[in-house]
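Trainee: Could we go through this structure together? I would like to understand the terms as we go.
Mentor: Gladly, ask away.

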Amino acid sequence: MGVAAGPIRVVVAKPGLDGHDRGAKVIARALRDGGMEVIYTGLHQTPEQIVDTAIQEDADAIGLSILSGAHNTLFAAVIDLLKERDAADILVFGGGIIPEEDIPPLKEKGVAAIFTPGATTTEIVDWVRGNVRQPA
């Protein structure tokens with residue numbers, strides 16, 4: 001949030017009923033190896049739990065991973081809750097099985113970036129470094 005000192009802090013979360021977390025764990029590990037502090041929430045998180053964790057952990061960003069097809073609803077819920085809780089400065093990015101036609105509306109809603117299958121961990125780590133926290 002803002003220009004805090006120390007490493008970038010990212011909450012990696014699996015919203016909804018999606019039970020496949022291998023990709024989220026790979027991304028969490030890549031972000032950690034890239035020098036970031038990562039808080040992995042585990043499976044089956046509600047948007048409220050994800051936002052609560054991000055605020056409590058003073059996160060700079062939330063990375064959402066979803067394969068269930070509920071991305072439009074769940075990503076929007078996280079964005080809306082961040083706004084309601086005066087925490088819209090926490091950047092939200094996501095990845096998973098997300099159809100190309102759903103990406104523009106998600107970005108309009110406030111999701112900063114969407115990474116689909118084929119995105120490399122290097123690409124994601126570099127994007128987070130370059131977009132999450134701007135130096136003073």
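Mentor: Let us begin with a pair: Phe93 stands opposite Ala113 in strand 5. This is a predicted model, where local features need pLDDT of at least 70, side-chain atom pairs count only at pLDDT 80 or more, and totals for chains, interfaces and linings use all residues. Residues are numbered from 1 along each chain as its sequence is written, and side-chain values use heavy atoms, leaving out hydrogens and water.

Trainee: How do you know that strand 4 and strand 5 pair?

Mentor: Pairing takes at least two bridges found by DSSP between two strands. Three bridges join strand 4 (residues 91-96) to strand 5, and the two run parallel, so they meet the definition. Strands here are DSSP runs of E with at least two residues, and helices are runs of H or I with at least four, numbered from the N terminus.

Trainee: What makes strand 2 and strand 5 edge strands?

Mentor: The open sheet has five strands in the order 2-1-3-4-5, with parallel pairing. Strand 2 and strand 5 (113-115) each have a single partner strand, so one side of each lacks a neighbour in the sheet.

Trainee: Why is Gln45 called buried?

Mentor: Buried means under 20% relative accessible area, exposed over 50%, and partly exposed in between (1.4 Å probe, protein chains only). Gln45 has 14%, so it is buried. Gln45 sits in the loop between strand 2 (37-40) and helix 2 (47-56).

Trainee: And what makes Arg129 partly exposed?

Mentor: Its relative accessible area is 44%, so Arg129 falls in the middle class. Arg129 belongs to helix 5 (residues 121-131).
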